[in-house]
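Here are my notes on this one, point by point. Have the structure open while you read.

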Amino acid sequence: MHLAAFLIAGNASHSQVLWRHPESNPGGFLKLDYYAHIAQTLERGKFDLLFFADRLAVSTRFGGDHRYGVGYGDQDATRLDPLPVLGALAAMTSKIGLGATRSTTYSQPFSLAREFATLDHLSSGRAAWNVVTSVNQGEADNFGLRETLGHDARYDRADEFLDVVHQLWGSWAPDALLLEASSGRYANADRVTAISHRGRYFNVRGPLNIPATPQVGPVIIQAGSSHRGQDFAARWAEVVFGIQPDLARMQRFYNDLKGRAVKFGRKPGDIKVLTALMPFIGRTRAEAEEKQARHNALVDPIVGLSTLSSHMNVDFSGYALDAPIADLEVAGMQGLFSLIRELSAERQLTLADVGRLYASGVLVPQVAGTAADIADWMGHIVSKQGADGFVITPVHLPSGFDDFVEQVVPELQRRGQFRLDYRGDTLRSYLQD
Ligand SMILES: Cc1cc2nc3c(=O)[nH]c(=O)nc-3n(C[C@H](O)[C@H](O)[C@H](O)COP(=O)(O)O)c2cc1C
C-alpha cells in the first residue's frame, strides 16, 4: 500500500483543534525545525510522500468577515507558502516525496512550471503538485476577481493549464543539456523546443528556462470530488486523494475513478487512490479511545462551520444551529457537500453537529485502536479495493506521526503490506512499485 501525510503549513490539519492540542508545540508551525521533525519521521517510516494542502485566503465567508476564522483558528487561519517549506525540507531529507498545492485559477503556467521544476531538480526527483482549482470568494477577493470562476470554467482553465505545463516540462529533451566546456556549447538548442501555445486562457511561447528535471514533471495529485473534478483527475492525476467515511463509499469512488481513467485511455493502475484516515493509536483500545475523546472534546462547532463556509462558499452563520443543514446548491466543494447532506440525513445531524464533525476532521474517518487494529482496518480497505493506500492526517504536531511510524508502519511491514525500504530513486518510481 501507499502512504502519504496530509499537512497544512499552519495551525491545523483536517483537525482544527491541532494548534491547541496539549501535545502540539504551540506556534511551532512558524519554525523550520517543526517541519524537519515531521519530514524526517515520515521518511524513517518510508512514506511515499508528505504533502501540504493550501488556500490563498483566511476564512471570510462565515459571518461575512475574518473575525471567527482568524479569531478562533479555523483551517485557514494561517498558511505559510508550502513551496519554500519544501525547498528547505529537500535539503533535510533524501527519499520522501514532497508535495505542494498550487491553484490553476491563481497561478500562471510558466511560473508554476518553474517552481515545480526547481523543486524536482533540488530534491532529485521527489516533487509533486496537488492541483486545485480554488473554490472560495475569499481567494477571488485577494486576486482581483469579482467572483470565483464557475465550477466548469475552473476545470476548463485547469485542463488548458495542465496541457501547457506538461508542454513546458517537456520543452527540454533529457539530452539537451550539453555543458561542453571545451567547445563552449551549453545546450543543444535543436533539442529545446518553443511550445508556442495560444489558447483560450493562456498564451505561452516557451521553452522553459530550466532543463529537463529528473521526473520530467512533478507527480500530479488531485482531489476533485464532483463529476467534472473526477474526470479531470482521471485524465491528469497519478495520485488522487479522497475523503470517504466508509468502505462502501470508498469502493464507489475507487471504481468510478478507475473506470474514468480507462475512458481517458489510461490503465486503472496509473492512478493511485489514497483515502484519508485520522488514526488514534494506543497500547490498548481503551487508551486509543481516550485519546480520540480528548481530541474531539476540544472541538468548537463554530470553528467547523467557519471552515465549512469557506469550503462551500456559503455563509452558514445565518442558519439555525439546532436544525438539519439546509438543502442548498453550493458553488464550492460540491462532492463534499453532497456527502454532508447524506450523512446528516443518515445520522439525523443538526447544523451544530455538522460543525463539530467538520472541526474534528472535516469528514475524514477516525479510527481508534492498537497498532494491530489500525493495520487490520487499513489492510481490509485495501483488500476490498476501497483504496490503494492512505493519506494520514495528524491531530497534533510535530510529534503526531511518531506513534504511527514507530508502531503501525512496523506492523504493516511485518504483514508484508508496506515497503521495508524505498525502491527506485524518484517519487514516481515509489508510486509504481
Ligand atoms: C484530501 C483533500 C485535500 C484537498 N486539498 C485542497 C487544498 O489543499 N486546497 C484546496 O483549495 N482544495 C483542496 N481540496 C479540494 C479539492 O481540490 C476540490 O476542489 C474539492 O474536493 C471539490 O471538488 P470539485 O472541485 O470537483 O467540486 C482537497 C480535497 C480533498 C478531498
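1. A word on the annotation: UniProt positions are given in the numbering used here, feature names are shortened, and annotations may be inferred rather than shown by experiment. With that said, the unreviewed UniProt entry puts "domain: Luciferase-like" on residues 28-380. The end C-alpha atoms of that span lie 36 Å apart.

2. Ground rules: this is a predicted model, where local features need pLDDT of at least 70, side-chain atom pairs count only at pLDDT 80 or more, and totals for chains, interfaces and linings use all residues. Residues are numbered from 1 along each chain as its sequence is written, and side-chain values use heavy atoms, with hydrogens and water left out.

3. Salt bridges (a side-chain nitrogen of Lys or Arg within 4 Å of a carboxyl oxygen of Asp or Glu) come to 31. One of them joins arginine 249 to glutamate 342, with the closest N and O atoms 2.8 Å apart. Arginine 249 sits in helix H8 and glutamate 342 in helix H11, so the pair ties together parts that are 93 residues apart in sequence. (Helices are DSSP runs of H or I, at least four residues, and strands runs of E, at least two, numbered from the N terminus.)
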